[in-house]
Amino acid sequence: MTVRKDLAWVFPEKLAVRSVAFGRGVRRWIGPLVLIVIAAALPFAISNYHVFELTLVMIYAIAVLGLNILTGYNGQISLGHGGFFAAGAYTAAILMHRYGVPYWATVPPAALICFALGVLFGLPALRFEGPYLALVTLAMAVATPQLLKYFDRWTGGQQGINLTKVQPPPGLGIDRDRWLYLIVLLVLLMAIRVASNLLNGRTGRAFVAIRDHPIAATAMGINAARYKTLAFGTSTLFTGIAGALSAIVISFVAPESFTLFLSLSFLVGSAVGGIATIGGAIVGGLFIEFVPNFASDISDAAPWAIYGLAMLLFIYTMPRGVVGTLGPWLARSAPENQLAAPKE
Amino acid sequence: MHQFLQQIFSGLAAGSIYASLALALVMIYRATDLVNFAQGDMAMFSTYIAWTLVNAGTPFWAAFLITLVASFLGGMAIERIVIRPVENAPVLATVVVTIGLLLIFNSLAGWIFSYTLQEFPSPFPDRTLFGALMTTHDLGVIGVTLVMLVLLFAFFRFTATGLAMRAAAQNPDSARLCGISVGRMFAIGWGLAAVVGATAGIMVAPVLFLDPNMMGGVFLYAFTGALLGGITSPIGAVAGGLIVGVTENLVGTYLIASQLKLTVALVLIILVLVFRPNGLFGTPIVQRV
Amino acid sequence: MTMKLITVTGLSAAGLILSVGLACAAGQYGPGASDTEIKIGNTMPYSGPASSYGIIGKVDAGYFAMINGQGGINSRKINFITRDDSYSPPKTVELVRQMVEQDQVLLMFNSLGTPPNMAIHGYLNDNKVPQLFIATGADQWNDPKHFPWTMMWLPAYGTEARIYAHYILQDLPSAKIAVLYQNDDFGKDYLNGLRSGLGDKADKMIVATQSYETTDPTVDSQIVALQGSGADVLFTAAIPKFAAQAIRKVYDIGWKPTHFLNSVANSVGTVMKPAGLEKGVDIISTAFVKDPTDPHWQSTSEYKDWLAFMNKAGLSANTTDIQAVIAYSYAQTMVAVLKACGDNLTRENVMKQAASLHGLQLPMMLPGITLSTGPDDFLPVKQMQLEKFDGTTWKLFGEVMSGT
């Protein structure tokens, strides 16, 4: 027990919530590894359409992961992540459409631009708390479609940008849907790894400290302004990457794809999955992708009512989100993993 | 000059619409420390109830009163049934619950009442005033909003229930120790907010026309106005709403093309908030270490 | 031995011919079609800000159910699969893929909105799936050369705007025009159509434009600003709610321009009456279907049939909605195309029949307006007629025009 704690800062992944659920020692690695192998093999066992759906789930999971970093771990609410998602998507789309940049090369610029946007946004956001911050981020979500329509020479305006469909490398004998699935899976795994290292390390602890006791944190020497801005930038970086991937996978961007409802969906996915968890992002992605379809199948007359009811049901039974509620329950015997759970 | 006056008066008319819903938002916030994203759609649903009554032949003011009572009871019921389970959950859980409520009300209204645009009668005669600068209805909306403002202000400041409600919101545990039933205060708070919302909806429907998406845009502006004025201040809510209405009009006419009107107006308001992060009339919350 | 061989060969050949013959008699089928059913896919916004258009999908479903009740099309029942995309293009893509790949529909019918249709038309054309009678009037869709599987139905918005431009150039040559338009493809198509119709006079004649978003509560500010430009002609390209507000505000501020109103928003019951009937006198618009709230049409048998259908389909709350009349006509066009396919229900034949409409008459279209398509012409409804509001009803004037 003591040895593990001392080595905590060297091997931060040992404290990852995901690994806790699977116990100690070698058993810690087998669980995630099995999951990854299943995830990589899955597309070859299911139809193209389902592969496409799961790719979207993973994209939304990356976006929600970004939101979790900001709102879950750092306590800054954001109702505007749809805007950053759009920024990433349009960056990728414009680079591909106007400048012929190959699709895989559009993701890093999208990430960088969204990081910069997040930092720029995070600076004035330092002044705001609670509902005021909600308003500022809400303004972002609402302004995004307007701005996209206005700068139509770049963005294609209301018509959007139709992208030529990405083709897989010819030699591999794999079709387009499965190729994109694997690419997105790779990015998701990288995102989880990076988030995990970040959040279980020093920066993550600073984020959480600022969220729970801002005054005490500052008194201890944590530069709140720096970390809050960093949280914003990191968060939007993740969401921007997700946006870029969405442009590549759907091959179409338009202002209607990035409305306020998208921002609210991310927030809902985040809360339902577990706001201060990493695994919760995947649950969140599953929720926002599948539950609306399910709702529409049940009722054509009032699909949103079913969606709303589903939200209520999930939150009532698991107020801290699926992973937020089930995770600690599974990891009862490892108290050091209670760190990330948000304070009441 | 005439244009300028016209825009100001239109802005005041629109702003009073935002102000009336903003009052409901402030009501809920003061009573329960929450932002209720479903406030607009709850107001819309109440308005449909009034519409159904009016269509069935009920005289306007009777329908109005019945709707207010129904909204009060409905608001209380929602607090008890829907919000109570997440009272002790993280704040985000409650936010998601109110978003869920928004979707449910919106969808139910569309299902029960259809999405066709409906007319709603105005209690005020159809005339224009001040040389076509304003209609009697617009003036009526401003008047009703101010009356609600005075009532709310008096309620919080001068009544025992109002005081108890503020206590319950600020410090539930201490309030309980003083013998205040916190649960009942929350329920009454939601009930009153629903009443304010219903009034807003009924006043607004003759202008905006009634359909399930009537309050969508209004909610956004009302939220902005409430925060601009200070989310804890009813006076701020009204001032904020009116300022948002006028600013938006002036920005759209004189400053920038109408396609960026909303964006620029929001940016300006946020700039104001940067200098006064608790709103114009809000009180900052001081935390003691 | 040879005898046996000849017999076997002969019998096999006979068997083959017979089975091919049987197959021919039973019909040729693409995915989603069989002896007993025809699967049709559709996406509609049943939730979200565009949900007022969801009535179109409901009327489609009701009409197909009625046809099924009458025996179906050539004894085949229509299996109408409609799903909610909330007007969100990524969701539309997902649902269309589900319908094409999982549900194996024969064709996509009547999907609503320009951005959703834009998101899917590449996929549908690549996979040779008919994208028929899309519920949008944006100009760009009539393009059989590049998108041979995509067909419009509504008269293009730009077409309508050009009709107004033509009228203005003829009757109001020195007009100063102000335009109120919705800030999306719908509104912009009208504005651009007006510009192109006015030609090189456009810049001189159009003195002010103001746009609005569907999230704007009112358009009062825009109307006031437009009046301030000194214009004497106003063109409103808006959806019903904002058109009604605009008409009312124009009257209230004492402005009396020659007011042109787009056809989407000229219903007596849902626009003119809420605005105030006396406030809309002398407004000019165009129409191609019969307005169900116009007393003039309410005495006709076609209207009564339509009303009976609406009530039977459980849609009595929507009998004032002109979209329900348009949807009725969409569905009738689809049925006509499917009937014409006979037993050859392949996707290619569906497209072929859809592109061979000659003077198809539908009961709720205005008299004189028929549908026609050809290999180079994927716009079934091209004609409209000008009309002027007299305080109670719309009075048609002029001839049926085809604005090009």
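Guide: Two residues are in contact if their C-beta atoms, placed from the backbone, lie within 7 Å. With that cut-off, residues 24 or more positions apart account for 73% of the contacts in chain B with a separation of 6 or more. The model is predicted: local features need pLDDT of at least 70 and side-chain atom pairs count only at pLDDT 80 or more, while totals for chains, interfaces and linings use all residues. Residues are numbered from 1 along each chain as its sequence is written, and chains are lettered from A and ligands numbered from 1 in the order in which they are written.

Chain B has 11 helices and two strands; these are DSSP runs numbered from the N terminus, helices being H or I of at least four residues and strands E of at least two. Along the sequence their pattern is α-α-α-α-β-β-α-α-α-α-α-α-α. The radius of gyration of chain B is 19 Å, close to the 19 Å that the globule rule gives for 289 residues, so chain B is as compact as a globular protein of that length. That radius is taken over C-alpha atoms, and the rule is 2.2 Å times the number of residues to the power 0.38. Taken along the principal axes, the C-alpha atoms of chain B fill a box of roughly 60 × 50 × 35 Å.

Now the neighbours. On one side, 36 residues of chain A are in contact with 36 residues of chain B. The side of chain A that touches chain B takes at least two residues each from α7 (130–150), α13 (260–273) and α15 (303–317), with the largest share, 12 residues, from α7(A). That side divides into 30 nonpolar, three polar and three charged residues. Here Ala, Val, Leu, Ile, Met, Phe, Trp, Tyr, Cys and Pro count as nonpolar, Asp, Glu, Lys and Arg as charged, and the others, Gly among them, as polar.

With chain C, 34 residues are in contact with 34 residues of chain B. The largest share of the side of chain C that touches chain B, five residues, comes from α8(C). Its residues divide into 11 nonpolar, 16 polar and seven charged.
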